[in-house]
Amino acid sequence: MTDRMPVLFLGHGSPMNAIEDNEYRRSWQSLGAEFGTSRPRPKMILCVSAHWLTHGWWVTGMDKPRTIHDFGGFPPELFAQQYPAPGSPTMAKAISAGIAQPAVGLDTKWGLDHGTWSVLKPMFPKADIPVVQLSMDYSHPPSEHYALGKELKKLREQGVLIVGSGNIVHNLRAARREVANNQAYSWAAEFDGTIAAQIEKGDLAALANFEKMGQVAQMAHPTYDHFLPLLYTAGAVDAKEPVKFFNDKYQLASISMRSVIWG
C-alpha cells in the first residue's frame, strides 16, 4: 500500500441518508471499511462541505468541533446525531500556513456541519480520526476554488484524506418525492452525464467552466454551492489518476448522488 491518500467526492443528498438504511449509506459504510485494510488509514480528514459558505476562506482550528444540525423539518432522531471526532489545531495551522493564495484563516466557532458528519459517520463510525473543515468563499469564481484544490494536493502525501461533500446536481426547487432513485429530469441527467464524462477523460480543469452549459447548468444548480466541493477534489488529483464512480443514481429526481474516488 502507498501512504498517499485517495481523494473523495461524495454526493451527500438528504441528511436522512446519515441514518436511513439505504444504498447510499451502505456504500459509505463499505468504503469506510476499506481504509486500514485495502487502503491506508487516514491520519486526518479534510472536508470541504457545501454548507459552510464564508467571506474569505477559513479552516476549523478547535480541539473538539461541535456537531452542527444545520437543517429543519426532520425527525428528532436526526437532530440527536452527534459526531464527536477530534479536531487538529496543529494541522489546521499548518494548512493555513501552507496555502500561498488565497489567505486561509483559523476559525474556532463553526464545527462539523451535516455535509461533513452525515457522510463521515457511516464511513468512520468510531469518530477517532481528526477532522478539519475548510470553508468556501462563494463570491469568488469557480476557477479559484479549483486552484485552491491544487494547493491542497500536497496534503495527500501527509496522510490527509481530502473529502468534498456536495452534489453534482442539486435543485431542491424541482424535487419530486414520488420518483424512484433511477429517475431524473432530462436536464439533471444531461448535466450529470457531461460532468461524469469530463471526469472520466481527466479533463478536470474544464469542470470549473460548468456555467458555460447555460440553461442546463442553471437548472442543475440554481445556486452552485453544492457543485463547488467537486472543484476542490478535482484540483487535488492528477489527471491520469485512476477514477471510479459509485452511488451514480438520484434522489428526488433533481439531486445527483454520483460520487467519485480518485487514486
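Biologist: How much space lies in the largest pocket?
Modeller: About 480 Å³, where the volume is the space filled by probe spheres set on grid points joined across faces, edges and corners. A pocket here is an open set of points on a 1 Å grid over the protein atoms alone, where a 1.4 Å probe fits, with protein on both sides within 12 Å along at least five of seven lines. This is a predicted model, in which local features need pLDDT of at least 70 and side-chain atom pairs pLDDT 80 or more, while totals for chains, interfaces and linings use all residues. Residues are numbered from 1 along each chain as its sequence is written, and side-chain values use heavy atoms, without hydrogens or water.

Biologist: New topic. How many aromatic pairs does a search of the whole structure find?
Modeller: The search finds 11. In one, the ring centres of F71 and F79 are 4.9 Å apart and the planes are at 65°, so that pair is edge-to-face. Rings of Phe, Tyr and Trp (its six-membered ring) pair with centres within 6.5 Å; planes under 30 degrees apart are stacked, over 60 edge-to-face, the rest tilted.

Biologist: Is F71 buried or exposed?
Modeller: F71 is buried, at 15% relative accessible area, whereas F79 is partly exposed at 32%. Buried is under 20%, exposed over 50%, partly exposed in between (1.4 Å probe, protein chains only).

Biologist: Which residues form an aromatic cluster?
Modeller: Y138, F191, F210, Y224 and F227 form one.

Biologist: On to strand β5. How many of its residues are buried?
Modeller: 6 of its 6, residues 131-136. V131, Q133 and S135 cover one side, and V132, L134 and M136 the other, with every one of them buried. Strands are DSSP runs of E, at least two residues, and helices runs of H or I, at least four, numbered from the N terminus.

Biologist: What stands opposite V131?
Modeller: I45. Strand β2 (residues 44-53) runs parallel to β5, joined by 5 bridges; strands pair with at least two DSSP bridges.

Biologist: Where is L204?
Modeller: In the loop between α6 (186-201) and α7 (215-220). L204 is buried at 4% relative accessibility. Its C-alpha is 6.7 Å from that of A239, 35 residues apart in sequence.

Notes: 1 Å grid on protein atoms, 1.4 Å probe; cavity = no way out; pocket = protein on both sides within 12 Å on 5 of 7 lines; lining within 4 Å.
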